[in-house]
Each structure stands twice: as structure tokens, then as C-alpha cells.
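Hi everyone, thanks for coming along. Let me walk you through a structure today, taking it one piece at a time.

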Amino acid sequence: MTNINSKELFGWMGKIVKINVSNGTQEIVEISDDIRKKYIGGRGLGVKLYSDMCNADIDPFSAENPIIFLTGPLTGLIPTAGRYQVISRSPQTGTISDSSSGGFFGNVLKKTGIDGFIVTGKAEKPVYLLVTDDGIEIKDATHLWGKNTHDTRDILTAEYPKSSVASIGPAGENQVLYSAIMNDKDRAAGRGGMGAIMGSKNLKAIVAFGTKDIPVADPDGFKELLAKLSRLIDKNPVTGKSLNLLGTSVLVNVINAHGMFPTENFKRGVFNDAEGISGEKITEVLLQKRSACFHCPIACGRSTRTANKSGEGPEYESVWAFGAQLGINDLTKITEANYLCNELGLDTITTGSTIGCAMELYEKGVFPHELKWGDANILEKLIEDIAYKRGIGAELALGSKRLAEKFGKPELAMHVKGLEIPAYDPRGAQGQALSYATSNRGGCHMRAYAIAPEILGSPMNIDRYSSDGKAEIVALLQDISAVVDSTVLCRFLQFAMSISTFAEMIEVVTGLKYTDDELLTVGTRIYNLEREFNSKAGFTRKDDILPVRFLEEELDEGSSRNRVVHLDKMLDEFYKIRGWDENGIPTEETKKKLRI
Amino acid sequence: MKEYTRDQLAKMIDHTELKSSSGQGKIKNLCDEAKMFGFISVCVNPYYVKYAYEQLKDSDVLVCSVIGFPLGMSTTEIKAAEARKAVSEGAEEIDMVINVGALRDKNYDFVLEDIRQVVVASAPAHVKVIFETCYLTDEQIVKACQLSVEAGAHYVKTSTGFGAFGAFEDHIKIMRETVGPDIGVKASGGINNLKDALRMIEAGASRIGTSAGVAIVEGVSMLKFAPKAWLEPEIPCHICPVRSANMSKLPKGVYAYYKKKCLDCPHRDKYNKFYE
């Protein structure tokens with residue numbers, strides 16, 4: 001193995017630190033040139049490091065379980081590159097998982113001179129990590145334990161001005177299975193319960209403050225590259241206009257018009273009150289200003305204010321989770337539910353979807369607590385109870401899969417592999433359906449955002465109702481997404497940029513040249529390595545399944561009506577394209593070809 | 001379908017900015033993008049020809065000016081003068097709009113002369129003749145092609161982008177069949193992504209007019225992967241002009257023509273139904 005510090009590197013800082021919070025020991029993790037080229041950084045490198053360190057049966061809440069925080073070679077340099085990735089085994093799903101967050105934390109972390117760090121062990125008492133140009137220190141966080149993410153951030157930034165803080169809230173402390181890590185107040189590494197893993201280690205927060213320069217291989221080319229990227233972002237209708245003007249909630253009316261806006265736990269695909277919770281309405285009644293992550297011209301963030309509170313959001317998925325999913329049309333209550341989740345450190349998608357599941361369980365007469373569609377007044381207390389695992393909240397803190405199983409109606413949980421499906425009804429888009437089913441981290445729209453071509457026409461429109469060719473496109477999108485998550489950039493760039501441009505960015509910044517095929521193979525390798533880990537953890541074809549509602553129950557209104565998902569056909573094609581056996585497991589030949 | 005590189009496709013695209021609301025900053029960006037991505041030309045309103053030329057004079061990007069735009073209803077003398085002025089300020093291509101009303105009135109002598117005078121006034125610049133195909137029947141499109149060729153035009157072109165709808169493959173095919181291989185065919189209006197552009201080229205277009213050129217050429221590398229899946233044949237009714245025929249925007253006769261065409265279409269029984 002070549003030490004990461006063995007030669008001059010560009011883009012990468014050249015240091016990954018492993019720190020054990022049980023005993024305070026630290027070591028530098030060596031990364032060979034070959035591994036760096038094969039996995040890049042962020043998600044890819046994190047998955048590789050995690051797979052090498054852990055058996056697939058590791059308990060996510062054990063002291064031995066590592067949680068990995070990584071930036072990528074483009075972090076801090078390219079537009080949108082303030083992000084970081086968190087990688088571990090999800091306590092919610094049992095799959096290998098990663099969660100990505102925007103804001104500023106990734107940039108500031110990298111400028112401390114490291115590409116990231118790996119945390120193992122379990123501290124005896126609450127701690128936080130202080131990451132600076134001088135290294136990593138473990139600090140006492142007793143005074144922070146019990147505080148919400150906003151207060152935690154305020155206290156720590158008062159002590160360390162100019163720092164960026166990533167922390168958990170009460171939900172993470174209480175190891176709610178879907179608790180998030182929140183950074184810069186309102187940006188979330190939301191999915192998969194990474195916050196719960198921090199909580200299990202008594203790790204309250206990470207404070208980062210760095211001042212080091214990030215070396216670039218081709219400074220002149222870099223200036224030209226930035227000009228080109230600026231034009232690409234500006235000229236794309238999604239990145240250059242829609243997201244900026246109306247935020248991600250621009251999708252509310254669009255998806256509703258396609259009959260795919262999941263309503264009352266996916267019973268319907270049209271929400272009659274969609275207009276009242278849309279991006280247009282948010283702009284009209286709540287928006288204070290548009291906000292942006294580090295070095296991001298898109299500025300999809302929304303600083304908003306209700307009569308009582310102010311904060312960030314709601315974003316599209318959160319509007320849906322506390323809106324249509326629950327039959328709620330009160331935009332103020334929806335927004336305040338979003339604020340509260342941010343403060344308590346909860347994944348809004350799973351929180352809303354689980355409440356929706358409980359509402360349907362109640363409707364079916366099997367859930368003993370009264371929860372009615374459209375009742376916005378329950379949200380605040382319910383969300384707090386979830387974070388503190390109090391009363392009914394203790395049941396909901398299980399997430400929808402465990403909740404529905406407990407009450408004998410597993411079919412009412414809208415999840416894949418234990419992770420709740422987000423705000424696109426798969427019956428209206430066959431590719432997105434396959435994407436959900438085959439996602440390595442469960443019901444997620446970010447592994448392959450087939451909505452882009454199927455609904456938004458990016459980069460080309462394809463027939464959303466047809467299952468033909470979808471296996472190939474979903475595999476392609478999964479692989480490109482894995483690359484972007486490994487560079488670590490915002491996935492919105494995928495609307496505006498092709499694999500060639502991502503290769504160009506890597507080359508200009510790092511000096512490392514990839515052909516389009518080579519770079520795509522990196523994505524394929526990452527996806528297969530994740531799959532390999534999951535296979536060892538017991539996941540097979542039986543887990544690449546959608547809730548029966550999508551396979552057998554047709555929607556009865558809207559432009560996606562009278563349709564179900566044709567999953568089996570697409571799945572067979574998908575496995576074949578992937579080089580996996582009929583059980584969805586990568587073959588030896590595939591692994592050998594990908595050099596896994 | 002034939003494969004295209006990013007550069008090959010860029011050399012078929014007139015990078016276009018024609019909105020009346022566009023300020024000079026937009027034109028600057030347009031020119032920068034044309035140089036950056038290698039487009040054959042920028043297509044601008046006459047007011048911006050001089051400025052665009054200044055931005056592009058050290059590059060191989062051409063300046064294309066629209067004339068009589070977007071209605072085509074100014075007099076022939078004004079169109080010719082407008083073209084002459086544009087060429088004097090640096091335009092190397094001229095996209096003129098025909099007098100659609102005169103064509104529909106079968107006033108062919110006037111239309112022929114209208115085009116001819118612009119061709120003469122524009123020399124040595126090449127002239128593309130915009131028909132606004134949305135307002136024409138197939139027979140009228142054929143006639144417009146014949147008149148354009150007779151008048152010495154170098155290209156025939158579908159649309160302004162300001163009409164009821166833009167370019168459709170059916171129209172491109174008719175235009176290519178009528179003008180033959182030696183005259184250019186430009187598809188324009190509503191071409192928003194790579195797949196749209198490729199369909200037009202496959203149908204016979206040799207030039208694409210679009211404001212989405214950057215996104216189109218950026219999408220080319222996606223086609224290297226899963227080309228068959230991306231280019232699954234469209235349901236014919238989804239790419240038929242009839243689908244865009246709007247009663248409130250089309251002349252009564254043209255609207256009736258399209259609807260009749262739909263009733264007689266062989267695809268109707270198979271595809272023209274709501275469900276898959």
C-alpha cells in the first residue's frame with residue numbers, strides 16, 4: 001500500500017484519520033493510489049473502507065462499528081462542493097448506507113487538511129470532536145447533551161467562531177432509528193439513521209474549522225472549467241431557473257399533475273390541495289430569502305418564516321411527508337413540523353411516512369391511538385414524542401416497517417428494505433419504481449433519480465409508463481450517481497452535466513484522467529461493492545421488492561391511474577445487465593471484471 | 001440511428017436567443033457559450049448583430065440574424081433593407097420569415113419575390129427561409145419549399161419559436177423530400193433536448209435552431225451508454241403535430257386539416273388512446 005502522503009496530491013488533502021472515542025487513540029489510514037483511483041472519495045471510498053473494516057453482521061450500535069465522514073477530491077473547489085458523506089451500516093435498514101449533506105461543513109472540514117475521518121468506539125460520556133488545522137481533539141460535550149441541533153450549533157459556534165458544526169439532536173441521542181445528522185443548522189445527512197450511530201457512540205457533534213488551501217493540478221484549466229460549469233448550470237432549466245425560483249418544492253405541482261404525488265400513505269396519487277402547499281405558495285407566503293450552500297449558484301434553499309418561527313425549508317420531500325402523505329394542507333403546520341425535525345434531528349421523509357402509516361393502521365382499526373388524516377394539530381407533539389421515544393412516539397420511532405409489522409399489517413408500510421419511499425408514486429414512473437426496488441440503501445430516490453428523464457425530460461425524455469429499457473437506464477443512473485456522490489458534489493449537477501464533464505472536473509482538479517467509460521466503471525464498482533456487502537448481510541432478490549400496493553393496486557385518479565408497477569420483468573433484465581445472479585447477487589465473474 | 005460526437009452536433013446548432021426581453025448580458029453569454037461549446041452560429045435579433053459580431057469576430061462562430069421576425073408581415077423592401085443592414089454589421093447567415101398570409105392566399109409570385117429580394121440583399125450571406133409550419137398544411141409546406149429553392153435560398157426552416165408550435169419530424173421529412181440533398185433544412189422551435197434534436201436530424205434536418213444547445217450537446221455522452229434504451233421509439237402520436245394543434249391558436253382551416261389527418265392516420269387505432 002502506498003501511503004496517501006507519499007507524493008504530492010491534488011484535490012485530495014492526503015489524510016484520513018481514524019479516531020477511537022473510547023480511548024482517544026488516533027491513526028492515519030493509508031489509501032493506495034489504486035484504491036483512490038478505483039473509489040475516488042466520499043461514498044465510494046467510504047464504502048470501500050467500511051467493507052474492508054467490517055463484517056456484514058456488525059451491529060450498527062456496537063462500539064466496533066465505524067462511522068465514516070468523508071469529503072471528495074472536488075470538495076471546496078467546484079460549485080456545490082460544500083458537501084460531505086457519512087457512511088456506515090444503517091441501523092434502520094441493516095444495509096450498508098451513506099447519507100449526504102450540503103451546507104458548508106464539507107468545505108470547512110477539508111480545509112483542516114484532512115479528507116475525512118473514521119470514528120470507532122463509544123465514549124464513556126458525551127463528547128464532540130474538534131477538527132482544526134492542528135488535528136482532531138476529543139472534547140467534553142456533557143453540557144450539550146439533550147440540546148437540540150440549533151442550540152448545539154449556536155453554543156459551539158460562539159466558542160469557535162467561523163466553524164461549521166454537524167451534530168445530532170435528541171433523536172440521535174435516543175437512537176431513534178431514523179435520526180439525522182444536522183450541519184449548519186438546517187442541512188441534513190438525513191437518511192438511514194446515521195445520527196443514531198453518533199448517538200450510540202455518545203458523539204454529540206463535530207466542530208470543524210480549517211484554513212488550508214486545497215491544491216489543484218491545473219490552475220489555469222480550473223478557471224476555464226469554472227466558467228464552463230457556470231454556463232452549464234445557468235443554461236439548464238432545472239438548475240438555472242426552477243430550483244432557484246421556487247426551491248425543490250417546485251415539484252409539488254409538477255408531480256401532482258402527473259398523478260404521482262403520494263397522498264394518504266400512497267392510497268392516491270393526486271392531492272387536491274397541492275397548490276396550497278406548492279413551491280409557488282411557499283414563495284408567496286413564507287419565503288424570506290433564497291439561500292445557498294457553499295459556492296452554489298443554484299441556491300435552492302429557502303429561508304422561511306411562519307407567524308411563530310423561522311427556519312429553512314420545507315423542501316419538496318418534507319412538504320410531501322407532512323402534507324399530502326398525511327392529507328394535511330396547512331402549510332404553516334407542515335413548515336413548522338419541518339423546522340422541528342431539523343431541531344430534533346429527524347429524517348423528515350421517514351418521520352412523515354411513518355406517521356402516515358400509523359394513520360392508515362388507525363383507519364384500518366389496528367392501531368389503538370387516534371390519528372386521523374388531515375389533522376395538522378397532532379404533528380408537533382407527535383414529532384417530539386418520536387424524538388424522545390415517549391408514549392405513542394416510542395412506537396413511531398420504530399419506523400414504518402417495524403410499526404406495521406408489529407400491528408400485523410406489514411403491507412401498509414411504504415418502504416424498501418426498511419427505508420421509506422419518498423414523494424414519487426412509482427406507479428406513474430416504471431424506471432423510478434425499479435430504482436426504488438434495487439436501491440442499495442432502501443427506498444430512496446437518490447440512488448437513481450429516474451424522475452429526471454421520466455418526468456423532467458433530463459437529459460432526454462423517456463416514456464414513464466413503459467418498462468422497456470428501464471433496467472439499462474436505471475443501472476446507468478445508479479452508476480453515475482455513485483460517481484457524483486464520490487466526488488462529493490450535489491446531485492443537482494446531474495441535471496446540467498454529463499459523465500464527461502465530471503471526468504473533466506476530476507482531471508483538472510486532481511490530474512487523474514478517466515475516460516467516460518472508466519469513470520462510469522468506478523460507479524459500477526461502487527454499486528456492486530455495496531451490493532456485495534448487502535448480500536453478505538442477507539439481502540437478496542426477496543428484498544428488491546416494492547410494497548404490494550404498487551404491484552397490485554391501481555391508482556384510481558389522475559394521469560397515472562389504472563397502472564401498477566411491472567417489477568419482475570424489469571428486475572430480471574436489471575440483474576442480467578448488472579451481471580448478478582437470479583437472486584440479485586454479484587457473480588464472481590462480475591466482481592473479477594470490476595476488480596472488487 | 002447514426003452516432004454523433006459532441007463537436008459534430010455542436011456544428012449543427014444555431015445557438016439562439018430571440019426573446020424580446022433579452023438584454024445585452026444574455027447575448028454576451030450566448031456568444032461565450034457558442035465559443036465554449038463550438039456551435040456553428042449564434043442566432044440573434046438584428047439589434048444585436050453588431051454586438052454579437054464584436055464578441056465573435058476572433059472565433060469561427062457565425063452570426064445569424066433573423067429578418068422580418070417573428071411575423072414575416074413587413075414589406076419586402078423593409079425585409080431586404082433589414083437583411084442588408086444585418087449583413088453589413090457582420091451577419092453571415094440570415095433567417096427570414098416568409099409572408100405566411102400571402103402563401104396561404106396562394107399569392108406565390110409575391111412570396112417568391114419576397115424571398116428573392118432578401119436573398120439578393122443578403123449576399124454573400126446564406127439565407128434560411130422560415131415557413132412557420134404550424135400555420136401550413138403539408139401541401140403548403142411543399143409549395144413554400146419550392147418557392148424558396150426557386151428564389152435561391154440556401155435553407156428552409158420550420159418555425160420562429162413564436163408560433164402555435166415548433167418543429168415536427170413529419171414536416172422535416174416533407175421539407176427534405178421537397179428540397180433534395182443540396183439545400184439545408186433547419187428544424188427550430190420546441191427542440192429542448194438531445195432526443196428532440198436527434199429525431200429532427202434523423203428526419204432530414206441539417207441544422208438545429210434552439211436555445212437549449214448547451215444542454216443538448218452536454219447530453220451526447222449519455223448516449224454512449226444505453227443508447228437503445230434512451231432512443232426507444234416514441235409513440236407516434238406523442239410526436240405528431242396534431243397533438244399540438246390548438247384550436248385557439250391555429251387558423252380554422254389548418255386546425256380542421258390536422259384533425260382530419262388524425263382521423264385518417266394509420267397509427268390512430270394502435271396508439272391514440274389514453275392507456276398504454
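Let's begin where the two chains meet: 24 residues of chain B and 25 residues of chain A take part in the contact. Two residues are in contact here if their C-beta atoms, placed from the backbone, lie within 7 Å. Please keep in mind that this is a predicted model, where local features need pLDDT of at least 70 and side-chain atom pairs count only at pLDDT 80 or more, while totals for chains, interfaces and linings use all residues. Residues are numbered from 1 along each chain as its sequence is written, and chains are lettered from A and ligands numbered from 1 in the order in which they are written.

By class, the side of chain B that touches chain A has eleven nonpolar, five polar and eight charged residues. Nonpolar covers Ala, Val, Leu, Ile, Met, Phe, Trp, Tyr, Cys and Pro; charged means Asp, Glu, Lys and Arg; the others, Gly among them, are polar.

Now over to chain A and its helix α12, residues 331–344. Its 14 residues reach 20 Å from first C-alpha to last, close to the 20 Å expected at 1.5 Å a residue; the expected span is 1.5 Å times one less than the number of residues.

Most residues other than glycine have a negative phi, and most peptide bonds are trans. T80(A), though, has a positive phi near 80 degrees; T80(A) sits in the loop between β3 and β4 of chain A and is buried, with 26 C-beta neighbours inside 10 Å. N265(A) is not a glycine either, yet its phi is positive, about 55 degrees. N265(A) is buried too, with 28 other C-beta atoms within 10 Å.

Finally, the peptide bond from S458(A) to P459(A) is cis, with omega near -5 degrees. P459(A) lies in the loop between α18 and α19 of chain A.

Note on methods: Helices (H or I, at least four residues) and strands (E, at least two) are DSSP runs, numbered from the N terminus. A residue is buried if 20 or more other C-beta atoms lie within 10 Å of its own, exposed if 12 or fewer, and partly exposed in between; C-beta atoms are placed from the backbone.
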